[in-house]
Amino acid sequence: MTNPADPSASNESAEQPSAEPQPPPRPRRGSVRTQDGDTAAAPSPAAVRRRLIAQDARDQKYAEDARRRRNRRNVLIGSGVAIGVVGVAAIVYWSAASSSTTAHCVGANDQPVSASYCDNGSHIGNFFFFGGSQYHYYYGGNVAGGRYAGGSTVAPRNGKISTDSGKTIRRGGFGGRSSSGSS
Amino acid sequence: MKRLHRTPRDNWLDIVVEQGLVYEDTLLYPGDNRRPYWDESVYYSFEMDEVLLLEAQVELLHSMCLDAIDHVIATERYRDFGIPEFCWQPIKDSWNRNDPYLYGRFDLRYDGSGSAKLLEYNADTPTTLLEASVIQWQWKQDVFPELDQWNSIHERLVDRWREMGASLPGSTGGPASSTVHFTWTNLETTGEDHLTTAYLQETAAEAGLDTIGLAIEDLGWDEDLQTFVDLAETPIDTLFKLYPWEWLINDPFGVNALKTLPRGRVSNRDLSAAGVNIASAGDGRNSMVWIEPAWKMLLSNKAILAVLWQLNPGHPSLLPAYLDDPGPLTEYIRKPKLGREGANVTIVKPDGTLSTAGEYGEEGYVYQAFSPLPEFEGQHPVLGTWVVGDESVGLGIRESAGLVTDQTSSFTPHVIDS
């Protein structure tokens, strides 16, 4: 519960010219990065530098924007623009959702399941044991509002073993993708 | 509590999409009488007194839940929860260590009068967060700027990260030097899990933590270091996972996950007071902090409903609930202990039964007295009330045409008027 009429006085002080005593520094904002299996191999130093520069630019823009914000609740978003990584991720899903024709794949009880269920054909079920008893999930995904609809593991067959940089790293031991390739 | 109508903003779809609400059914009207997932043509209005009362009930429920966990662990009732034995000690240690916890969502039955009743507690991987925290707030700012809303979810999340940050690995007492990895599962293809995680990542960054997001499928296990690593092979100190513990422990890496939990039973509160962080307090192994912590396995399990009733019989915020058989109940709803999204639910009444499909339930059932959801203009709202840390911080309402809130429900915003 917030009072939208309550302006935050502290935001305004940041715009004073620097001849005045400096306002207290804004609390540090941490970094936000995302890795994905297709593009994020171990980054080159140049890539790291580029990323840091971009990050800085974004942090600065964020700080700029923050100064313009007035009410307390508004630490969140300026004028309806999606925030950082949420916006970036949203674009991906939105394009995917709006360009596809929906071919709903359903399970035995007509429950919606992800299309990958059908694509993979013969996955009758992936059986797990829990508390001594057996049950299985259908593939996750295609659910209204997207909350957990079940969804689970195509049990990762064998996580790949990679040995670059002298380490032994297995991936794919959580969740549903059979393997994400090497690291 | 009133259900009211208002013409949607002209470009409502563009607005909510831009704000990140792009889960598949945001806009779908697939032929039948389905509504869009985000439906701002209706909204609920509450009075402030009502909200304050609900808020107090939520915090009481939360503390009853913590007491119930204490009881379950002290009496080792893990079997009642269908939890495999290899998890018992890790759960107990995680509780005794006071592993940090971020958030949860109580689903309540409330008809505008009397006590709200607990339907269930989504304490491990709650979603519908972005719409509750961001989308409905922006809607209120656009159309009812003069009114209030039960919603400080965002601020409290940031505060909570700040509180937790000081005791996370890598911290030097302040939050600034800790890195937290955020994971979601690629199994969820509409984007909801990824976006929920991305949003939480933003709240942590706002609290000064460095954050890295990746799919849980991309986590690597480093045999040499006996630790989890990200795609850049950096060892992970703190992992937020939007992925249920009960799935995690059954995955091939599940045993490794339990191995990475810090050993020892010292409360991290004591440690952080002494300026020591959790991970360095172990026995020299690499240890990880998991958020939500392992003890949430008990809270996210519907067996907790029966334990709550047993410990607080007759409490006005609880519905009678029993484990494994209906006990004295004649009208009840049978829920799988580990079910989600209204799957495998059976409502039994004198005049018949109603079941939903699904594939849960092998681990057993909980029987809860049937108390039909209230009806507002033909719709049945469920109040999703958010807890961050130990505080009640906000509300999101989902409505459905039927009596089980499932994947076809719609989210509607709310305001506090007077």
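The pLDDT is the predictor's confidence in each residue, from 0 to 100. This is a predicted model, in which local features need pLDDT of at least 70 and side-chain atom pairs count only at pLDDT 80 or more, while totals for chains, interfaces and linings use all residues. Residues are numbered from 1 along each chain as its sequence is written, chains are lettered from A in the order in which they are written, and side-chain values use heavy atoms, with hydrogens and water left out.

**Confidence in chain A**

- Chain A has an average pLDDT of 47, and 13% of its residues score at least 70.
- Within chain A, confidence is highest in strand S1 (residues 32–34), at 84, and lowest in strand S4 (residues 126–130), at a mean of 26; strands (E, at least two residues) and helices (H or I, at least four) are DSSP runs, numbered from the N terminus.
- Over residues 65–82 of chain A, pLDDT stays under 50, and the model has 52 contacts there beyond four places in sequence, a contact being heavy atoms within 4.5 Å.
- Residues 1–18 of chain A also stay under 50, with 39 contacts beyond four places in sequence.
- Where pLDDT is low, the predicted coordinates should not be read in detail.

**A contact between the chains**

- Gln201(B) belongs to helix H6 (residues 192–206) of chain B.
- A polar atom of the Gln201(B) side chain lies 2.8 Å from the backbone oxygen of Arg33(A).
- Gln201(B) is buried, at a relative accessible area of 1% (buried means under 20%, exposed over 50%, partly exposed in between; 1.4 Å probe, protein chains only).

**Backbone features of chain B**

- The peptide bond from Ile291(B) to Glu292(B) is cis, with omega near -5 degrees, and Glu292(B) sits in the loop between strand S10 (289–291) and helix H10 (296–299).
- Glu76(B), which is not a glycine, has a positive phi of about 50 degrees; this partly exposed residue has 47% relative accessibility.
- Gln226(B), likewise not a glycine, has a positive phi of about 55 degrees and lies in the loop between strands S7 (220–222) and S8 (227–229).

**Nonpolar cores**

- The largest nonpolar core has 74 residues, and Phe46(B) and Trp290(B) have the most contacts inside it; such a core is a set of buried Ala, Val, Leu, Ile, Met, Phe, Trp, Tyr and Cys residues joined through side-chain atoms within 4.5 Å.
- H2(B) supplies the largest share of this core, 11 residues.
- Beyond its neighbours within four places in sequence, Trp290(B) touches residues including Phe174(A), Phe228(B) and Trp245(B).
- Another core, of 49 residues, lies apart from it and includes Val16(B) and Leu102(B).

Notes:
A polar contact is a pair of N or O atoms within 3.5 Å; within protein, one must be able to donate a hydrogen and the other to accept it, and residues adjacent in sequence count only if both atoms are side-chain atoms.
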